[in-house]
Amino acid sequence: MNTRTVVLWHNNGEERIYFTVNSAEINVSRSNQNWVLSLAMERTVNVWGGRGLRAVTLETFLPSENSPFYAGQPPEAVLAMLKRWQDSGDPVRLILSESDINDAFLLEDVSEILREGDRDVGVSITLREYKFKSALAALAGGDAPPARTDERTPQKSYTVKKGVTLWEMACRFYGDGARWGELASRNGVSDPRKLPVGKVLEL
């Protein structure tokens, strides 16, 4: 059975959260921005208004230090990080393996769930897709700036930083941490646990 991976990145991956306990259910909504127009003789018509913003809701728990799921991130620190990201208004990158979600989102709601006698901290998170101003203007039917040709080229290499693993890089560049083996094979890495800082990997 495959294990779904949920990762949040902030500030180009300088800060990241890995949810070690999978959410039993992840709700992904993808609604259209339609509207109803009234016509003569009490008739109406439903008009397509383009795709709206995707919303993702998940509920899980942040394991305490005495939990077998604990992976080195105290729940209080993770909660503080989530709240700080939410208050900053900065977009975060949501990576959800086995799906097409590897995009920028805004943290819309972070709810803390405390249960009596349980040292683990439950959390419910709602994220909504982030769009740049030009995209929002187009969705709203307003005047968007003239389209520019995207001159950016896909990143072809990555210089290893301290503490970064092949799994994290696969999440970031491939959208699926389980593809870390492809990176290892492509770059002749025999022991992924001894990845030298400063090594340049081909993506």
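Okay, glutamate 108 and arginine 128: their side chains meet in a salt bridge, 2.7 Å from N to O. By salt bridge I mean a side-chain nitrogen of Lys or Arg within 4 Å of a carboxyl oxygen of Asp or Glu. Glutamate 108 sits in strand β8 (residues 101-113) and arginine 128 in strand β9 (residues 121-129), so the pair ties together parts that are 20 residues apart in sequence. Strands here are DSSP runs of E, at least two residues, numbered from the N terminus.

Quick caveat: this is a predicted model, so local features need pLDDT of at least 70 and side-chain atom pairs count only at pLDDT 80 or more, while totals for chains, interfaces and linings use all residues. Numbering runs from 1 along each chain as its sequence is written, and side-chain values use heavy atoms, with hydrogens and water left out.

Back to that pair. Glutamate 108 comes out partly exposed at 41% relative accessibility, and arginine 128 is partly exposed too, at 32%. The cut-offs: buried is under 20% relative accessible area, exposed is over 50%, partly exposed is in between, with a 1.4 Å probe and protein chains only.

How many salt bridges does the structure hold? Ten. Another one joins lysine 131 and glutamate 129, with the closest N and O atoms 3.5 Å apart. Glutamate 129 is buried, at 7%, whereas lysine 131 is partly exposed, at 26%. Those two also belong to a salt-bridge network with Arg54, Asp100 and Asp103. Then there's glutamate 182 with arginine 179, 2.9 Å from N to O.

The search of the whole structure turns up two cavities of 30 Å³ or more. A cavity is a set of points, on a 1 Å grid over the protein atoms alone, where a 1.4 Å probe fits but cannot get out; lining residues have an atom within 4 Å of a point. Volume is the space filled by probe spheres set on the points, which are joined across faces, edges and corners.

The largest cavity has about 90 Å³. Strands β2 (15-18) and β6 (55-62) are the elements giving two or more residues to its lining. Among the lining residues are Ile17, Tyr18, Phe61 and Leu62. What about charge? The lining has ten nonpolar, two polar and no charged residues.

The second largest cavity is about 30 Å³, and Val6, Asn22 and Leu58 are among the residues lining it. By class, that lining has four nonpolar, three polar and no charged residues. For the classes, Ala, Val, Leu, Ile, Met, Phe, Trp, Tyr, Cys and Pro count as nonpolar, Asp, Glu, Lys and Arg as charged, and the others, Gly among them, as polar.

Methods
Helix = DSSP H or I, 4+ residues; strand = E, 2+ residues; numbered from the N terminus. 1 Å grid on protein atoms, 1.4 Å probe; cavity = no way out; pocket = protein on both sides within 12 Å on 5 of 7 lines; lining within 4 Å.
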